Amino acid sequence: MICKKCKTAVSEIDKKCPHCGSPLKLYSNHKFWLAALIIILLLIIFAIYVMYTQMRVNQPNAPEDPIQTNQSAEPPDGASPGQTVDAENSGMAALPVVSADPGKTQAEIEQMVKNLAASAEKYRAAYSETNEFVSRSGYLYDYPADMYISVKDLTDVEGFNSAYADEEAMILYVKAGDMPQEITSGMDADKLTVFAAYPSEEDFIASNGSSAVIVEGSVIQDLLNRYSADHGQIIRVSSQSETFAAVMRALGDIPALDGSVDVRYMSEDEKYISAVVSPHSDYNRIMEFVLLKTDGECELLIEQIETEWQKFVAINTDAPDLNLELIPAYNLWRDMKDLKTDFTALLDSMVTSGIIAQDEGEPVFISGNGEFVFMEFEDGMRMLAHFDDTHNEWKVYQVLQYDDAVARMKELAKFNPPPYFLIKQA
């Protein structure tokens, strides 16, 4: 080592410099610093462990390992009678708040609702190509955004009077024929149209954007009641129910279904039924319907929904009081373009790996795309295959019934909503 005072080399064991006599500081502090370093490292390791533990606790359940056994599944009914539907659709936004200013004159209110109705229609028209605007409980509603359109949403619209930015008015979206003739003359009575309304004493003043009229409060309330989508609880339709049989009878006259149907989805409330089906002879021809209940039977109300690029607009136009939570969230017009037709390689690999037996036979139902394949075998066993991008391989899971497959798909899917239409409900 080197003496710091005289800069002369000295022995490692000397306590004093033999040349100048200065005391030498050897490694007396090394043990202290080594101990401190060890303590710091232990604290870092402990902190990492705590963070990792928290991540493990808070993260979603990881997929189970792919099954390797061939177990019998429960009967493939899809759901028990009365089972509520909550796996696929979100809840509804709260109804808009409407409040009056007793200090406003009739002329001031008329001027305001004209401006609000015109601005709301400009807003709807500007975004109608990308957003699906529907009537929900009689109000203008952006379905993808899950929100009612309020006055605050109109502030950037050209021509909007900023003096009304804090007002709480009604932005209605109803058929023109359901509003007073004074503000609907010349309009298509069956077309959903934007109106604005604002309380004035016991009545309302309503406008189509160019003219205004006084409407009795009871008339506005009756209008909102007719557009109410509250038709009771939404439940899955059991294949053993009378409703299921009635739907099958109603679909029986459709030539494309060839009399033998696989049900991908079927749910009901007290007024409407939503059904997604495919002919058993063609798994890739998926069709979507809305049916109306009529005295123990049902009738086809809306067909060819699978051809609509804005399906919720199409459904809402024909049935503006239908609860859209009844309708599955996916869009068949878009999503069916990715359907697979050849599953040979996947089925062969399942046999080779022992997931299914050699004598299991071909699936009695199979439907899939590049991400998921759902299949059902003669003995009722159901499988859901998922393509794992990370490992570039298919992983296969056994599912007992429809909701198990929905939950698994929701857990693994890259996009929302997942392609639930691949699953057979009944």
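Analyst: Buried means under 20% relative accessible area, exposed over 50%, and partly exposed in between, using a 1.4 Å probe and protein chains only. The model is predicted: local features need pLDDT of at least 70, side-chain atom pairs count only at pLDDT 80 or more, and totals for chains, interfaces and linings use all residues. Residues are numbered from 1 along each chain as its sequence is written, and side-chain values use heavy atoms, with hydrogens and water left out.

User: Which way do Phe365, Ser367, Ile366 and Gly368 point from E13, and are they buried or exposed?

Analyst: Phe365 and Ser367 point one way from E13, Ile366 and Gly368 point the other way, and all are buried. In a regular strand, side chains alternate between the two faces of the sheet.

User: Why are E13 and E14 called paired strands?

Analyst: A strand is a DSSP run of E with at least two residues and a helix one of H or I with at least four, numbered from the N terminus. Pairing requires at least two DSSP bridges between two strands; E13 and E14 have 4 and run antiparallel, so they count as paired. Isoleucine 366 stands opposite methionine 375 in E14, and a hairpin of 3 residues joins E13 to E14.

User: What makes E13 and E16 edge strands?

Analyst: The open sheet has 4 strands in the order E13-E14-E15-E16, with antiparallel pairing. Strand E13 (365–368) and strand E16 (393–399) each pair on one side only. From one strand to the next, the twist averages 15°.

User: What lies across E13, E14, E15 and E16?

Analyst: Helix H7 (residues 344–352) does, running at about 65° to E14.

User: Why does serine 267 count as buried?

Analyst: Its relative accessibility is 0%, which means that serine 267 falls under the 20% limit. Serine 267 is placed in strand E9.

User: What makes the pair serine 267 and tyrosine 265 a polar contact?

Analyst: The two side chains are joined at 3.3 Å. A polar contact needs N or O atoms within 3.5 Å, with one able to donate a hydrogen and the other to accept it within protein; residues adjacent in sequence count only if both atoms are side-chain atoms. The value is within the limit, so the pair qualifies.

User: How many residues are in the largest nonpolar core, and which have the most contacts inside it?

Analyst: It has 57 residues, with Leu116 and Leu172 making the most contacts inside it. A nonpolar core is a set of buried Ala, Val, Leu, Ile, Met, Phe, Trp, Tyr and Cys residues joined through side-chain atoms within 4.5 Å. H2 gives the largest share of this core, 7 residues. Beyond four places in sequence, leucine 116 is in contact (heavy atoms within 4.5 Å) with residues including Val151, Leu154 and Phe160.

Technical notes
Axes are lines fitted to C-alpha atoms, for helices over the stretch in contact, and angles run from 0 to 180 degrees between N-to-C directions.
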